[in-house]
Amino acid sequence: AAGNRAYVVGVQDGTFPPIGWHITGTMGGVWSHPLKLLESYTLLLGGSGLPAAQQFTSGPGFVQLSYPATDGLQITRTEFAPDGLPVVLVGLQIKNSGSQPVTTTVGIQPISKILPAFPWSGTTPTSDQLDQQDNVQFDSVISGLTFSEPNQPWYAMVAGRATKQGPQDSVQFQGASALGTLPGKEATGQLTWQLKIAAGSTVGIWFGISGTHVFKAEAYGALFAGLANPDGLLNIKINQRAKVLALSNVTIPDQDAQDAFNWAKLNLADMS
């Protein structure tokens, strides 16, 4: 899912395996060029990672993943990057399809990989030789996590907010844990919310992942702007892509060829 300031690269089951060769196995994750922000993130339900997604949908400017029903909950994940902001937004819609209220927790565990897009694995010096150990701390300004790299104005930030809940639902932020450093010069932490979802009700939570390679205030601003109205930004993104489709028109009798033509325009817009 791409914007003109940030993008996220994973695979269709919702995970982030090693991808790429310029910097070997490190081209996936979350980026805000010219800087990589996160190696991966794991979405948690009841303290455990979500299972592999069973359906992946690519939409005009966003992607959506649907998960197998877990503990009576139906979970949909939406990802997009609003243009003009160095931020990726990840939304969870959690529906209680049962006849009784459900109490559980939901969270996100990001793993940082603050790294410039150059040098590469095969250059002199290599990317790994210049990479330094990431740091992580709880950041009270965002009620989230801030990752950084020593002696550089490079930051990645992760926070979230509930955007939808019914009158009988409860969504409470439990807190953040800076879990520390990892062997690959990475760092990790966890954000957790306590949920009580009434029967038939749906709760929505959006996570924001922002970054900067110039000054910390840029990452703060992008995160606050992204989480202020993520649903509105998603509608703007979809409308922007609809305008791309209208810029040219070719009528093709074969529907598959027509769809391929339209998606080629959308894909080019993602690459711009």
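Reply: Strands here are DSSP runs of E with at least two residues, helices are runs of H or I with at least four residues, and both are numbered from the N terminus. Please keep in mind that this is a predicted model, in which local features need pLDDT of at least 70 and side-chain atom pairs count only at pLDDT 80 or more, while totals for chains, interfaces and linings use all residues. Residues are numbered from 1 along each chain as its sequence is written, and side-chain values use heavy atoms, with hydrogens and water left out.

Me: OK, how many bridges join β9 to β14, and which way do they run?

Reply: There are 8 bridges between β9 and β14, and the two run antiparallel; two strands are taken to pair if DSSP finds at least two bridges between them.

Me: And what about β13, over how many bridges does it pair with β14?

Reply: Strand β13, residues 170-181, pairs with β14 over 10 bridges, again in the antiparallel sense, and within that pairing V171 stands opposite L195 in β14. The two strands form a hairpin with 5 residues between them, and K185 in the turn has a positive phi of about 65°.

Me: Is β14 mostly covered or mostly open?

Reply: Mostly covered, since 8 of the 11 residues in β14 (residues 187-197) are buried, where buried means under 20% relative accessible area, exposed over 50% and partly exposed in between, with a 1.4 Å probe and protein chains only.

Me: Switching to charges, how many salt bridges does the count come to?

Reply: The count comes to 8 salt bridges, a salt bridge being a side-chain nitrogen of Lys or Arg within 4 Å of a carboxyl oxygen of Asp or Glu. One of them joins the side chains of K36 and E39 at 2.7 Å, N to O; K36 is buried at 0% relative accessible area, and E39 is buried as well, at 16%.

Me: Which salt bridge has an N to O distance of 3.0 Å?

Reply: That is the one between the side chains of D83 and K237. The pair links distant parts of the chain, 154 residues apart, with D83 in the loop between β7 (73-80) and β8 (87-96) and K237 in helix α3 (residues 230-245). D83 is partly exposed at 28% relative accessible area, whereas K237 is buried at 1%.

Me: Which residues are linked with D83 in a network of salt bridges?

Reply: The network takes in D83, K237, R241 and D270. R241 is found in helix α3 and is buried, with a relative accessible area of 5%. Leaving aside neighbours within four places in sequence, R241 is in contact (heavy atoms within 4.5 Å) with residues including A2, P60, G61, L266 and A269, as well as D83 and D270.

Me: Which residue forms a salt bridge with K113?

Reply: D131 does, and the closest N and O atoms are 3.8 Å apart. D131 lies in the loop between α1 (127-130) and β10 (135-139), while K113 lies in strand β9 (residues 102-116), 18 residues away in the chain. D131 is buried at 7% relative accessible area, and K113 also counts as buried, at 11%.

Me: Let's do a helix, so which residues of α2 are buried?

Reply: They are E218, A219, Y220, A222, L223, G226 and L227, and what covers them includes β8, β10, β12 (155-164), β15 (202-212) and α3. Helix α2 (residues 216-228) has 13 residues and reaches 19 Å from its first C-alpha to its last, close to the expected 18 Å, which is 1.5 Å times one less than the number of residues.

Me: Last topic, how many aromatic pairs are there?

Reply: The count is 7 aromatic pairs. Rings of Phe, Tyr and Trp (its six-membered ring) pair if their centres lie within 6.5 Å, and planes under 30 degrees apart count as stacked, over 60 as edge-to-face and the rest as tilted. Y7 and W31 are stacked, at 6.3 Å centre to centre with 10° between the planes, and they join strand β1 (residues 7-9) to strand β2 (residues 29-32). W31 is buried at 0% relative accessible area. F118 and W120 are edge-to-face, at 5.7 Å with 70° between the planes; F118 counts as exposed at 54% and W120 as partly exposed at 32%.

Me: Which residues do ring pairs link into a cluster?

Reply: F173, W193 and F207 are linked in that way.
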